[in-house]
Amino acid sequence: MRTLRDRVGAAAPVFGVLLLLLVAIAVVNPNFLEPASLLAYLKRAAPLAILAVGQYFVIVSGEFDLSVGSLVTVQVVVAARLIDGDESATVPVIVLLIGLGLLVGLVNGLITTRLHVPSFVTTLGMLLVLSGAVFLWTGGAPRGSLSESFREPGRQGIDIPGFGQVPWSALILIAVAAGAAVLMRSAWGHTLVATGDNDRAAALAGVPVERVRTTAFVLSALAATVAAILLGGFAGVSAQVGEGLEFSAITAVVLGGVVLGGGRGSVLAALAGALVLEALFTLLNLLGVSGALESTVQGVIIIAAVAYAARRAGRRRRPPAVPEPSPQPA
Amino acid sequence: MTLAMAGISKSFLGVGVLHDVDLDVRAGEVHALVGENGAGKSTLLKVLSGVHQPDAGTIAIDGEERTFANPRHAQDAGVAIIHQEFTLLPERTVAQNVFLGREPVRRGLVDTVAMEHATAALLAEIGETGFGPDAVVRRLSVAQQQVVEIVKALATDARIVAMDEPTAALAEHEVALLTDLVRRLTARGIAVLYVSHRMPEIFALADRITVLKDGARVTTLTAAELEPPTLVRLMVGRPLSAYYPPRATEFGDVRLEVRGGTAPAISGIDLTVRAGEVVGVAGLQGAGRTELLRAIFGADPFTAGDVLLDGRPVRLSSPRRAIAAGVAMVTEDRKAEGLALAQSVRENALLVLHAVFRRRARVGAARTRDLLATVGLRSAGEDQEVRFLSGGNQQKVVLAKWLAADPRVLLLDEPTRGIDVGAKAAVHELVREQAEAGMAVLMVCSELPELIGMSDRICVLHEGRLAGELPAGASEEDVMALATGHGVPHVEVPR
């Protein structure tokens, strides 16, 4: 029978680390354990966690998506300019943003799978194209402003009697997590992981490998769209709103024990990776460490996490129970 | 320089591959080493080249005993091996390849001029005028690349050259060029060990012939003492010792039909497989066996010709379509193409259902246990990652994956390669059971006794064409005769 250790597998460390960090934060700041404070933490973490879920789909299929950070910026800047404070424009603009997200994901996926451009290059190119387009369109300083209703999901919450206000972000995060977990248990989820593990074998087993991977890119871009809506509300409009988020998302996924190159790791662990990253930033902030160090910390973490995964993989490579038969002399 | 190998034995993990083999090659002689697939020819070459160390026996060069702990030792002793797969760097020039790793250096830089001069001299020596030392290897023909391999061997002052199936990748007219070249080598006093199972060139070149069978030397004779049919009999003549499940006694309607199937490596193939029938596909390396199966499966589709399933024409342009139409294929390379190694037994077993028959995935998941029992899988559990399984158990997972989809046609490419005897028997039983249940099976297998033991009928391919069809229980000689393109007995298949 499967033991708990097997079941949680490579993901186990990330949940442990998360717990440790939350305890550490609570030690430094006992108020952290109050519901309002915990919910505020979830609210801060939600955009990155949602991006990590999107990035997970792409990474577990054996690819990368570096374009999500600039896609977030584009979405926020476009929304501000088109809405320009007009409440009635909110819904149509959100529909437009979703369409834009779909398009970017589709282009990423099709270029990678049909033109056989490595996704690292495809999405790096997309990052540059999008950030150039934003710069051109805004001339460096975004114009316009978001409507109150657009900003609501990122800023406000819903009042639950006897509990206080629960942020929309937290609810959206829970919904995304649940949706992703269900998706990964569906037939599609199984084919996605198989594709990342061995795309030749998957294709020969009838998996539409190109379509599956393209869908992963679309999901990543849609996650970026949701994150953009939350960040626009939470942080407001700037041309730097999505900067570096692609690396934060990849760091989060790797922290979750998801193997770069695909085929291994769970989506909830990737999400937990994002929570770990956010908790770490919170702790550093509490300890008075400069926010300027965030990217340094992230760089150290991503290298350490990948090195750790490589060591684990090395130890897992034990000899098979039955020796391989002799090489076939032809 | 002469080579003498005596009493060479080698086993891998307890399985004997070479038993007490003696072989000697004299200066200026072509000594042909022949035998079926699996007879131990390549292993013997690997012992000679220092890739494998023999468990027993000696290698002597000019009477002096040598130990080759690695390929470098063999090279330093004047032994060069021309492998089946080329080891050339395609984007480099001929001279760069010839001197790879041994580049002449002048003032700390590679002396390109000296390198090209030396290469040109060697090319002139063997009479090659078709290309120069500065030609880029990628632009050369396969035969010319082979010449480069040989020049590379000569550049290391090799006095003993062993060639492993050198004509396998060559076109007919290129074979003549190669035989010329081999004669020029022997004229220079080089000892040539020539591994092949193609009758015409063996008899055109060889002074002496050694026959290997099941890892042991059968005999060594001068070419003048032998006729091709005698040689074929020496290569394959052995009692059929293994047990195979009883053949089918009656068949259903034609399930799979290929008419004029043509793809890059095969042309004009006509064949039928009836429900309940196991049809074997025989042929030498490169005869187009795998290509035929891959074409039917849509992995590398036919460029011309028709495929009919149960009498209805179908277009199988991708594996996905073929699977949806009821075709399954067990590929030759289990690890690269058959399994997602980091996934569990269950994940692999359900992959085809998840990919193509989503609606049946839930039912399939409930049936996984039965399915694994059907294929006789012994593993720690359904959650075991397949990479930890033995080759035989991995192959059973592959079979379970396909059986889960209830295919009508099962294509098997070397289904028992690299698995132990017990697992082989289990696979044979399973294939026969599935055929009895109405499946049409088309099977490629390089082990002739196994192919003959399993097949209700055998299609033999030769250079991409159907050389003939043989009934159940055909002799290995008949199959080899058709496969080597030597003599085409017209045997009518009773229907």
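In S19 of chain B, B:Leu410 is the bridge partner of B:Ala328. S18(B) and S19(B) pair in the parallel sense over 4 bridges; strands pair if DSSP finds at least two bridges between them. Helices (H or I, at least four residues) and strands (E, at least two) are DSSP runs, numbered from the N terminus.

This is a predicted model: local features need pLDDT of at least 70, side-chain atom pairs count only at pLDDT 80 or more, and totals for chains, interfaces and linings use all residues. Residues are numbered from 1 along each chain as its sequence is written, chains are lettered from A and ligands numbered from 1 in the order in which they are written, and side-chain values use heavy atoms, without hydrogens and water.

**The sheet in chain B**
- The open sheet has 6 strands in the order S18-S19-S20-S15-S21-S22, with mixed pairing.
- Its edge strands, S18 (327–330) and S22 (465–471), each pair on one side only.
- Neighbouring strands are turned by 20° against each other on average, direction ignored.
- S15 (278–282) and S20 (440–444) run parallel, joined by 4 bridges.
- B:Val279 has B:Leu442 as its bridge partner in S20(B).
- From S18(B), B:Val327 and B:Met329 point one way, and B:Ala328 and B:Val330 the other.
- All four of these S18(B) residues are buried (under 20% relative accessible area; exposed is over 50%, partly exposed in between; 1.4 Å probe, protein chains only).

**Helices on the sheet**
- Helix H15 (391–403) of chain B lies across S18 and S19 (409–413), at about 170° to S18(B).
- Axes are lines fitted to C-alpha atoms, for helices over the stretch in contact, and angles run from 0 to 180 degrees between N-to-C directions.
- Helix H18 (476–483) of chain B touches S15, S21 (457–462) and S22, and makes about 30° with S21(B).

**Cores**
- B:Ile209 and B:Leu442 touch the most other members of the largest nonpolar core, which has 187 residues.
- Such a core is a set of buried Ala, Val, Leu, Ile, Met, Phe, Trp, Tyr and Cys residues joined through side-chain atoms within 4.5 Å.
- Another core, of 37 residues, lies apart and includes B:Leu88 and B:Val192.

**A helix pair in chain A**
- The axes of H8 (168–185) and H13 (267–286) of chain A come within 9 Å and cross at roughly 150°.
- H8(A) and H13(A) are therefore roughly antiparallel (over 145 degrees; under 35 is roughly parallel, 65 to 115 roughly perpendicular, the rest oblique).

Key. Contact means heavy atoms within 4.5 Å.
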